[in-house]
Amino acid sequence: MLADQDQDDKIYTSAAGVGNHQDEKDIDIVATYTDTSGVVRLGTVKSKDLSASWYWEDPINERQDQLKSSQRLEDSSQSRVRLGEFDKSSLVELRSRDSVTQNPQMSPLNPVKLQRRASRQERKDLRTAELLREDKENDSQVQAAAIERSKELDTTAKGRYSIWRREHENPNSDDTLKLMRDQIIMAKAYASIARAKNETYLYKSLINHFRENRRAIGEANTDSELHSSALARAKAMGNILSKAKDKLYDSINVARKLRAMVQSTENTVDALKKQSAFLIQLAAKTVPKPLNCLPLVLTTDYFLQGRQKRVVLNKKLLEDPSLYHYAIFSDNVLATSVVINSTMLHASEPEKHVFHIVTDKLSFAAMKMWFLVNSPAKVTIQVENIDDFKWLNSSYCSVLRQLESARMKEYYFKASHPSTLSDGFENLKYRNPKYLSMLNHLRFYLPEVYPKLEKILFLDDDIVVQKDLTPLWSLDMQGMVNAAVETCKESFHRFDKYLNFSHPKISENFDPNACGWAFGMNMFDLKEWRKRNMTGIYHYWQDMNEDRTLWKLGSLPPGLITFYNLTYPLDRSWHVLGLGYDPQLNQTEIDNAAVVHYNGNYKPWLELAIAKYKSYWSRYVMPDNPYLQLCHISQ
């Protein structure tokens, strides 16, 4: 136990050091302890020899705590101080941590410890702030990554799906249906073998069960759609197949019969594919009765009303290079009207927009009449007949000369030519009549058709405009002739898809991996075109392809060749393609596009049109127009 020489003397054990005591006296401190043999011993030490970690404590108020502390000090001292060997250093090494723990409220803190505590708190605050900052940064990174992943996520619904349909309650919901179809295949195989072996009864049984199962299946695609008797018939079929297997099974004969059935099925599927492709092409190119009615009525009115003598256009507007000029080459009156209506609805300053329409002799009067009575306000529309371009003849135009050649006529019109179905569906589209029309190739003669213009925007008749297109005229094309949206995605729609790279003339001059682009919305710099003689380049390659060995028919392959390395890529949002063949396009891309293009067979004015895309086109058709009502055209 620690004690002083007088009861009034005090021992302090606070964080304030002994030397900081207000009296600053050197006090003799007596330590009483018991050695290992049980003998009580005394030791003395001066207070000035104590370290700064010792503190003073009131012995009167804290007597109880002193007793406890002294007991712990005694126990600690016994291990280090022997009888007669107690010295100052032993006492100095004794700490008062226990006293601080037992009575922290009564003790003033040492400045050193205060500073350490403040430093620890400061480090803790800094570390906490750093952890919070890192946590916020991690949250921001996770959110950014999630946003990027969501942009790449294809949200397009593929096929038909409903969580309420019974087929989605069970992943094996078509097990019975599959079993019955397999049984039908085996029944046909065994029936053929039974007939060959004169097993008449077994043959008839197999044929009867085969027919019953076919009727039970009907048009079902899931078990829930099967007839209620289907399961019983499947069991009955299983029994007869078991009998047939016991009596007729011969692995060689069964395998031979199944191979023959597979071969026959493949031939049937191939023939159906060709027939389907032919019928799709036929339906796509056959003009529906209402659309055939429209040009007939318009042509009749055009001549009956003598409209051909009343049309006078301002030639200065048609040749003013400061205006916005569009070129549309089409024989479809309704489609052309949708292009112009949609363009003008979104255009600023409509009086500055000039549309140049070129059509053929058959559609000229109808096209002229339509825009005489249905022209949008303030806009200038010129309608021309391609037959009036006397300079466009076979001596100047390569493709026209080829179309008039005996070889081409034989390819298209020769009666002894193999039927289109036997040629396969891959070549059917190249026999499309549009490839025989000069309207499809007139785009390569734009500088000749419009000699006074410097820039012109070419539009196909199967597009719809959804935004103002005037910014395209201020586009810096960086010396390129053609501005278009590229269509290559990964390995698709590159040059090797359109050109024959087995021909040395193609492989030596072009890169098979070069990115393709699309006709439909193209800005042409006619000044640069004339400077580079692009029409001459087109003629050169068209002459080289007279035997159709460099590419098949069409205007895109010669376009890719003619404007090779001279096409400026536009942002994809300017021109979204595929609405005429792809039902899985991204809906957001369609809604945000400046132009949507119904390239493909499923044109929006046909019954073949993809239903969910049709509204983008039909909203620009005028249902209250008397000509459309007369021909029962309702889109």
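**Exercise 1. Describe how helix α11 packs against helix α12, and state which residues make the contact.**

Solution. Helix α11 (residues 333–346) and helix α12 (residues 361–374) pack with their axes 10 Å apart, at an angle of about 40°. Axes here are lines fitted to C-alpha atoms, for helices over the stretch in contact, and angles run from 0 to 180 degrees between N-to-C directions. Helices (H or I, at least four residues) and strands (E, at least two) are DSSP runs, numbered from the N terminus. The model is a predicted one, in which local features need pLDDT of at least 70 and side-chain atom pairs count only at pLDDT 80 or more, while totals for chains, interfaces and linings use all residues. Residues are numbered from 1 along each chain as its sequence is written, and side-chain values use heavy atoms, with hydrogens and water left out.

Next, the handedness: α11 and α12 cross in a right-handed sense. A crossing is right-handed if the near helix is turned clockwise from the far one by less than a right angle, and left-handed if anticlockwise.

Finally, the residues. On the α11 side the contact (heavy atoms within 4.5 Å) is made by Val333, Thr336, Ser337 and Ile340, and on the α12 side by Ala366, Met367, Trp370 and Phe371. Six of these residues are nonpolar, two are polar and none is charged. In this classification Ala, Val, Leu, Ile, Met, Phe, Trp, Tyr, Cys and Pro count as nonpolar, Asp, Glu, Lys and Arg as charged, and the others, Gly among them, as polar.

**Exercise 2. Work out the strand order and edges of the three-stranded sheet.**

Solution. The order is β10-β15-β14 in an open sheet with mixed pairing. The edges are β10 (463–465) and β14 (575–576), each of which pairs on one side only. Three bridges join β10 to the antiparallel strand β15 (residues 595–597), and Val465 has Val595 as its bridge partner in β15.

**Exercise 3. Characterise the packing of α5 with α7.**

Solution. The axes of α5 and helix α7 (residues 230–248) come within 10 Å and cross at roughly 35°, and the crossing is left-handed. Among the residues that meet are Met180, Tyr190 and Ile193 in α5, and Leu231, Met237 and Leu241 in α7. By class, the contact of α5 with α7 comprises 13 nonpolar, three polar and one charged residues.

**Exercise 4. Determine which helix gives the most to the lining of the second largest pocket.**

Solution. Three helices, α5 (175–196), α6 (200–217) and α8 (251–285), each supply at least two lining residues. Of these, α5 gives the most, with seven residues. By class, the lining divides into nine nonpolar, three polar and five charged residues.

Notes
Two strands pair if DSSP finds at least two bridges between them.
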